[in-house]
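Load the model in your viewer and keep the selection panel handy.

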Amino acid sequence: MERLDAFMARANAAYYAKHDPFADFTTAPEITQVFGEMLGLWAAVVWQSLGAPDPVLLVEAGPGRGTLMVDALRAIERAMPAFRAALRLHLIESSPRLREQQAKMLPDAQWHTGLATVPPAPLILLANEFLDALPIRQFVRRGDAWAERFVADGRFVEVASSAPPRPNGGGTFGVPDGAILEYNASSRDFVGAVAQRLVTHPGAALFLDYGPAVSAPGDSLQALRAGQPTDPLGPLGEADLTAHVDFAALADTARVAGATVHGPLPQGVFLTRLGLFQRTGVLARRQAPARAAAMIDAASRLAEPDRMGRLFKALALSSPLTKALPGFA
Ligand code: SAH
């Protein structure tokens, strides 16, 4: 028997070690090059507003195939070569398989398994669909008491527990019988550590992921295999396990650590403000009409509320007293 977060960590480590995750799901940078370009330009404007520190670390957490960073660097090179020259690339990636793929695209990067070994320096961090892969715990309200979910032989087992630790930014009062509260210690630890860095070094961090802006009870654990939902407790390492990101709890964690919090904002609002459709229009005009329509549809997929535009959020952190960040003003 294993606590759910331990099971999820093991399942995802096995999954990312042996599968090409992009056969099972697609992410914004794989949908359109403009996504990475927008984040690159965001980082460039932030770098300037930090006073153009040189050197500066450009850090990505969970870079996948490296697509986002390749697109970001191309846009940075074109728009702000001085930033390209000043930046040192650091990637946080646990999967040896994906590190190999990333090294082909980004040979001058340095790799880390977590934030702790990233050198202390001014930094700009980007993370798309990283936090949703980090393991969660689930607590179930049972009458006046609480139980925690463990996994044994492909099934959930409930074990009596105390109330969940500071559940999702709120109290446990009024949570109905049988309801589930999720608690993500790993993503809080990660975001808290980033926030602490930003207190001691100038910088900013941008997290894009899916989840509600306001914490709410519910079971958000999901598994995808070949693009289809499947049993999260099925064969270990055969499906990608994710959970909704609790943005309110992460914003709280960052504030407590002393960072300034921007957002969360719906991803569609954020990307549209950064110029997603203008840039897509420029690229589309250079294409054959059929390609142009596909490019505009790809941008719409990221931005439209009933597609990825609303469920996905952008949350940024910055050093205390940083003025408004691009897209959040
Ligand atoms: N950002 C990419 C990939 C998202 S998939 C994109 O948008 O396409 C999640 C990424 O996070 C993968 O690269 C995965 O290997 C990495 N990852 C998952 N859990 C991790 C952990 N605990 N530590 C470091 N990297 C992790």
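Colour the aromatic side chains to begin: there are 7 aromatic pairs in this structure, counting rings of Phe, Tyr and Trp (its six-membered ring) whose centres lie within 6.5 Å, with planes under 30 degrees apart called stacked, over 60 edge-to-face and the rest tilted. Select Tyr15 and Tyr16: their ring centres are 5.3 Å apart and their planes meet at 80°, so this pair is edge-to-face. Tyr15 and Tyr16 are both buried (under 20% relative accessible area, 1.4 Å probe, protein chains only). Next, select Phe270 and Phe328, a tilted pair with 5.0 Å from centre to centre and 40° between the planes.

A word on the model: it is predicted, so local features need pLDDT of at least 70 and side-chain atom pairs count only at pLDDT 80 or more, while totals for chains, interfaces and linings use all residues. Residues are numbered from 1 along each chain as its sequence is written, and side-chain values use heavy atoms, with hydrogens and water left out.

Now centre on the ligand.

Select Glu93: an N or O atom of its side chain is 2.5 Å from a ligand oxygen. At Ser94, a polar side-chain atom lies 3.4 Å from a ligand nitrogen. At Asn128, a backbone N or O atom is 2.7 Å from a nitrogen atom of the ligand. Finally, show the ligand surface: taken alone the ligand exposes 580 Å², and the protein buries 90% of that (Shrake-Rupley method, 1.4 Å probe).

How values were computed: Polar contact = N/O pair within 3.5 Å; in protein donor to acceptor, adjacent residues only side chain to side chain. Buried < 20%, exposed > 50% of the residue type's maximum accessible area, 1.4 Å probe, protein only.
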